[in-house]
Amino acid sequence: MMKKKSLCASRASLVLFLCQMISSLDVPLDSKLLEELSQPPTITQQSPKDYIVDPRENIVIQCEAKGKPPPSFSWTRNGTHFDIDKDAQVTMKPNSGTLVINIMNGGKAEAYEGVYQCTARNERGAAISNNIVIRPSRSPLWTKEKLEPNHVREGDSLVLHCRPPVGLPPPIIFWMDNAFQRLPQSERVSQGLNGDLYFSNVQPEDTREDYICYARFNHTQTIQQKQPISVKVFSTKPVTERQPVLLTPTGSTSTKVELRGNVLLLECIAAGLPTPVIRWIKEGGELPANRTFFENFKKTLKITDVSEADSGNYKCIARNTLGSAHHVISVTVKAAPYWITAPRNLVLSPGEHGNLICRANGNPKPDISWLANGVPIAIAPEDPSRKVDGDTIIFSHVQERSSAVYQCNASNEYGYLLANAFVNVLAEPPRILTPANKLYQVIADSPALLDCAYFGSPKPEIEWFKGVKGSILRGNEYVFHDNGTLEIPVAQKDSTGTYTCVARNELGKTQNEVQLEVKDPTMIIKQPEYKVIQRYGQVSFECIIKHDSTLSPTVIWLKDNDELPDDERFLVGKDNLTIMNVTDKDDGTYTCIVNTTLDSVSASAVLTVVAAPPTPAIIYARPNPPFDLELTGQLERSIELSWIPGDENNSPITSFVIEYEDGLHEPGVWHYQTEVPGTQTTVQLKLSPYVNYSFRVIAVNEIGRSQPSEPSEQYLTKSASPDENPSNVQGIGSEPDNLVITWESLKGFQSNGPGLQYKVSWRQKDVDDEWTSVIVANVSKYIVSGTPTFVPYEIKVQALNDLGYAPEPSVVIGHSGEDLPMVAPGNVQVFVINSTLAKVHWDPVPLKTVRGHLQGYKVYYWKVQSLSRRSRRHVEKKILTFRGNKTVGMLPGLEPYSSYKLNVRVVNGKGEGPASPDKLFRTPEGVPGSPSFLKITNPTLDSLTLEWGSPTHPNGVLTSYILKFQPINNTHELGPLVEIRIPANESSLILKNLNYSTRYKFYFNAQTSVGSGNQITEEAVTIMDEAMASRQVDIATQGWFIGLMCAVALLILILLIVCFIRRNKGGKYPVKEKEDAHADPEIQPMKEDDGTFGEYSDAEDHKPLKKGSRTPSDRTVKKEDSDDSLVDYGEGVNGQFNEDGSFIGQYSGKKEKEPAEGNESSEAPSPVNAMNSFV
C-alpha cells in the first residue's frame, strides 16, 4: 500500500466535520490558476475602526477587496445606505471601494462624522468591513483665566495645574519657560500623568514667573500655550521638615480598570521634606518580570502588555527620614474580545462537508453572532446544507449555490471583533501545475523529491508510474506525500529515468512527466596530510578528486576557514596547493573544498612551522617603560608632562607615545594624545574641559614598543560650554510622511561639561516658516512626523550643556521621506542597430511625479520567441539600469532573428514606479553559429562519409553549408584546397575519388543570407592499400634496410655534434627559417600588421597570465560563441555608459582561421568586424 501523510482517516461520524475543516481544499498560489477560479469577495484593506482625520485635509476611507469576478462596492453611513452619487464632495476610486471626501474644496469634515461600513459583493457572496468611526481631530484653545501668583513658604508642597483643553486625540503635555527650555525635573519636582507640575517641597531657586504649560496636538501639528504661572518662594528660618503626604492619588485606596494588552500606568506623588522616595509592591505577589518599568523617578509604575493575571492590589510607599505614607490601588484587568480561533476560508467540492469555527474570549465573555453576506443569519435566505451551532456553522452535502461569505461578530462592552470567511464550492477537473519534463538531479544514495503540484475539486487521487507505460509505483522504497510529491528516500543509479504523475477525479484525468538523473558522488581520493616544515622551506598539500563526468567541480583552498592570503607564495594547482618560502604566519589548518552544483566535500590538514636552529647574536629588545611621570604648569587648557626614559636594550629610542585616560567618561580606556622624538622627555599637552586626565608614556625603538609606564596623577579640568556641534547631520525620511534627523553624538570629553543635550531645529525650505525646535538627550536621532512627501527642509543640531550652548551650527538641507514614483515613462521607442544590439529611447517623467531622488531608469527586456525555431522558452527577464535623467540606452546581447519585448520604469530611493506598456521589437538575421558537430565515418581506400548537425543557434534561415578540405603530407604540408557548397537541408555527404592512405583536413561552416558562421575542423585518413602495406612490412624486415637505417642514424649523430661545436663558437643553425617556411596554418599566429581585423576581439586574450593565478582545478576552458556580456552595458552589473546612457567598449569573441591554399606558409585570417562605441 502507498504511504499517505493524511490528517483524516474516514468520512463518518461527527469527527468528519472537524477533519474536513482542516483538510478542505487548499488552492495553490498559482497566478494563472487563481485568475481562472471563481472566488467570493475578501476584504484586503480597510481604515481603522477609530479613524481620527485631519479636518484640513481630504478624508480617505479605505476599502479594498479581491474576488472573481471582481467585486462591486457600496457603503452605509450610520446604519443606512450612503448614496455617494448625490454628494458632489464624495467620490469612489476606480476598481476600488475607497472613498475620497473632498474637504480642501469647500467641504467640512464635521459634516461627515459618523459610522461607515463598506460592502464588497459579487455573484458568490458579500464581505463587509468593520464599522469605521470617522471623527475630525480637534485642538481647541485654552480658556482665558486670571492666574494669581503663587506665594509659597520654603519647604511646603505645591501643585501647578495645567488643565489643558479637551482635544481629539488628547494632547501631549510638557512644561517649559519663556526661552522654550524644558523645566528640569527631579525626585523633588516632576510632572504627573494628568499634566500638573508637582513640587514635593519648594526651594528658593523655584522662584520664577515663567512656568508655562504647553499642549501639543500631534494630529494637527499645533501647540497651545497656557498663560505663564508665577511662583514666589519666601523663606522662614528654620525650615520645618515634614513627613510624607500623598499629593496624588488622594485617600488611602483607589481603583483602576485597564484592558488586556494595554499599558498599565499607576502613579504616586508625595509631598514631604526631605523629599520622599517612592517604592512599589504588589500585595500577595511579585511585580511581573521583564514587563515592569519605573518612570518619573519611580513615581510611576508601568506594566506593559497586561493580562488578567496582573489584577490585584498595588501599594506605593512614600518614605523619608520622618516617616512614611502609602496608598493601595486595586487594579482590575478587563478584556475586549480577542481571537482564540478566527474563522478561516473554506473551499469545498460539491457533496463535501466542512465547518466554520469562531471562538473568542474576553472579560466579560463576548457574545458570538453570525451573518451571511452581511445579513444576520436568522433572516438570511435558507440554505439546507447549513446548520448553526453556537460558535460553529456546520456544512453538509454542499452544492455550488452554497457559496457565500459569512461574518462572525464577537462583542462585549469593551469592543468587538469582525471576521469574514467565505465558503467557496468548486467543481474543477484535475490540473497539474508542475512544469512538464522538469529535470531533477540528485547524488546517489541521497533522497530524491519529484514534485506533482496539483489542483482539482473534488480533490484528485495521485498515482505515480516509472516510464511512460510502466506499472504503478508501490512499496516501501517510495513515499507518497499528500501534496503529490514522490519521495525516493535512497536514490540509486538505476532510479534514473522518466516518471509519470497521474491525477484523476470524477470530472477527469491528467498526467505529467518529469525526468530524474542520479549522479555519482564527488570524492577526495587523496586527501591533504599533516605537514611539519622548517621556516623558509617549501610545502605542498595534495587534493585529488573523483567526480561524475557530467558535473564540473571547482576546488577552493582555505586557511583557517578563511580565504588564502593574497600572496604570490601560494600556488594553487589542479590538484595541489604549494606554499613557497614558508613563514611563521603560514602555520594553521588548510582545507580543500570541492563543490559541484549538487554536492560538496572537503578535507583538511594542519601545517606546523618550526624554527631553524638559532645562531648566536646580539640581543636586541624593546625598551623598558619610562618612569617617574610628573605634571607641572597646570592651566585650564594645557599642562606640562615630564618623565625619565627606561633602558634602551641595545636599540636607540626613536620616539615616545603619550596616551591619556578620561577617568570621568571612559575609565580604563586609553587614547592616543601625541608623539614626540626619542630625545625629548617633556611635552606641553593641550587639554579639553570637563575631563579627569591621567597620562602614561610608551617608548618606541626599531624592535617595538615598550610596556606603558605607570599612570601619572589625575588632573580634572573645569567645565565649559561645548566648543563644537554634532557632525554628520542628515535629514532623510524613512516614510513618505516623516523626516528622520540624525547626527553623530559628541564624545564624552567633547561635552565640556555635565548635562549634554542637543537642540534639534527644522523648518521647510523656501517657505516663510518659523524654526521648530526640540531639546533631546542621550539620542542621536529625532523623527518629525506628518511632513509632506519629499520636500526640502533646513536642519540644524546644536549642542548644549549645563553651562550653555555651543556656537551656532551650520544649516544642513535634508528631505522628507520618498514615495514610489507615480507615472511610467512615455513615448518608448526601440531602434534596432544590428542583430545583437538595439537602442531604446523614452521621454523623461516629470520630476514632480518622481516623489523622491531620481536615481535613474530601469529597462526590463526579455526574449519572446526565436523566429528561426518558432518555439517559446522560459522567459528570463534582463534588467539594465541607467543612472540619472538618461533617456536613451543600449540593449546588448540580443539573439539574432528573435522577437523581444521591453518596458521602462523610473526609479527613486523608495523603489520603482509603474512600467510603461510593453514594446515589441524584432532583431534581424545574423551569421549562424558553428554546426553542432562534424563526424567522419566509414573510411575506404578513396572515400569518407561526413555527417553533421545543424547549428544550435541558426540566427536566421540557413541557406547552405560550405565544406573545404585539403590533404596533409607526412611533413605536415597542406595540399590544394577544395570547396563544396551543400544545400541546407542535407545532413551527410560521401566524398569520393580521394587518395588512399592520405590524411585530410576538413573545414565546415553554415551560411545564412547575412554571411558565414564560425567553422569547425576535423581530420581523417583514408585506409591503406593492403598490398602496399605488406610490401612495406617485407622491406622493413630486410637486413640491408636495417643497416641503411643505422648508417643514417650515425650520420645524424655526427651532424648534431658538429652543430653543437659551431653553436658554442657563435655559429647559428637556421632552424627558425625552416619552421617559418613549413608552418602549420592551424598554429600560425595572426599578424598584427596585415591589415585584417576580426568580427570579435577578446581583450582578455591579450592579458598575460599572472604568476600564481588560480584556475579551476579541472583546467577546462568554456567556449564563448558571441554572447554579449551585460557587465559591459548596464550599471546594475558594473557597466560603463556615456552621459546619454550609451555603451563604452567593444564586443569580444574569436573566429577560427580560414585554411591556407596550397603549401604557402602565410595564411589569410578570417575577417573581424570591430564594433565601435555608441554615443
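This is a predicted model: local features need pLDDT of at least 70, side-chain atom pairs count only at pLDDT 80 or more; totals for chains, interfaces and linings use all residues.
Colleague: What is the volume of the largest pocket, and which strands each supply at least two residues of its lining?

Modeller: Strands that each supply at least two residues of the lining include β2 (50-53), β14 (172-176), β17 (208-217) and β18 (222-225). As for the volume of the largest pocket, the computed value is about 1800 Å³.

Colleague: How do the residues of that lining divide into nonpolar, polar and charged, and which lie nearest the centre of the pocket?

Modeller: The lining of the largest pocket holds 50 residues. By class, 22 are nonpolar, 16 polar and 12 charged. Those nearest the centre are Gln221, Thr222, Trp762, Val784 and Ser785.

Colleague: Is Thr98 buried or exposed?

Modeller: Thr98 is found in the loop between β7 (90-92) and β8 (99-101). Leaving aside residues up to four places away in sequence, Thr98 touches Val60, Ile61, Gln62, Cys63, Glu64, Thr91, Met92 and Lys93. Its relative accessibility is 1%, and the limit for burial is under 20%, so Thr98 counts as buried.

Colleague: Which strands stand at the edges of the open sheet formed by four strands?

Modeller: The order in this open sheet is β60-β59-β62-β63, with antiparallel pairing. Each edge strand has a single partner, so one side of each is left without a neighbour in the sheet. The two strands at the edges are β60 (666-677) and β63 (715-716).

Colleague: Which residue in β63 is the bridge partner of Tyr693?

Modeller: Strand β62 (residues 692-700) runs antiparallel to β63, and two bridges join them. Within β63, the bridge partner of Tyr693 is Tyr715.

Colleague: How many residues apart in sequence are the parts tied together by the salt bridge of Glu463 and Arg504?

Modeller: The side chains of Glu463 and Arg504 meet at 2.6 Å, N to O. Glu463 belongs to strand β42 (residues 461-466) and Arg504 to strand β45 (residues 497-505), so the pair ties together parts that are 41 residues apart in sequence.

Colleague: What are the relative accessible areas of Glu463 and Arg504?

Modeller: Both values fall between the limits of 20% and 50%, so each residue is classed as partly exposed. The value for Glu463 is 22%, and that for Arg504 is 32%.

Colleague: Where do Lys858 and Glu912, which meet in a salt bridge, lie?

Modeller: The salt bridge between the side chains of Lys858 and Glu912 has an N to O distance of 3.1 Å. The pair ties together parts that are 54 residues apart in sequence, because Lys858 lies in strand β74 (residues 854-866) and Glu912 in the loop between β77 (898-908) and β78 (919-922).

Colleague: In which strands do Arg999 and Glu1019 lie?

Modeller: The side chains of Arg999 and Glu1019 meet in a salt bridge of 3.2 Å, N to O. The parts tied together are 20 residues apart in sequence, because Arg999 lies in strand β84 (residues 999-1007) and Glu1019 in strand β85 (residues 1016-1021).

Colleague: How many salt bridges are found in the whole structure, and which residues are linked in a network with Arg153?

Modeller: A search of the whole structure finds 36 salt bridges. In the network of salt bridges, Arg153 is linked with Asp156 and Arg242.

Key: Residues are numbered from 1 along each chain as its sequence is written. Side-chain values use heavy atoms; hydrogens and water are left out. On a 1 Å grid over the protein atoms alone, a cavity is a set of points where a 1.4 Å probe fits but cannot get out, and a pocket is an open set with protein on both sides within 12 Å along at least five of seven lines; lining residues have an atom within 4 Å of a point. Grid points are joined across faces, edges and corners, and a volume is the space filled by probe spheres set on the points. Ala, Val, Leu, Ile, Met, Phe, Trp, Tyr, Cys and Pro count as nonpolar, Asp, Glu, Lys and Arg as charged, and the others, Gly among them, as polar. Buried means under 20% relative accessible area, exposed over 50%, partly exposed in between (1.4 Å probe, protein chains only). Contact means heavy atoms within 4.5 Å. Two strands pair if DSSP finds at least two bridges between them. A salt bridge is a side-chain nitrogen of Lys or Arg within 4 Å of a carboxyl oxygen of Asp or Glu.
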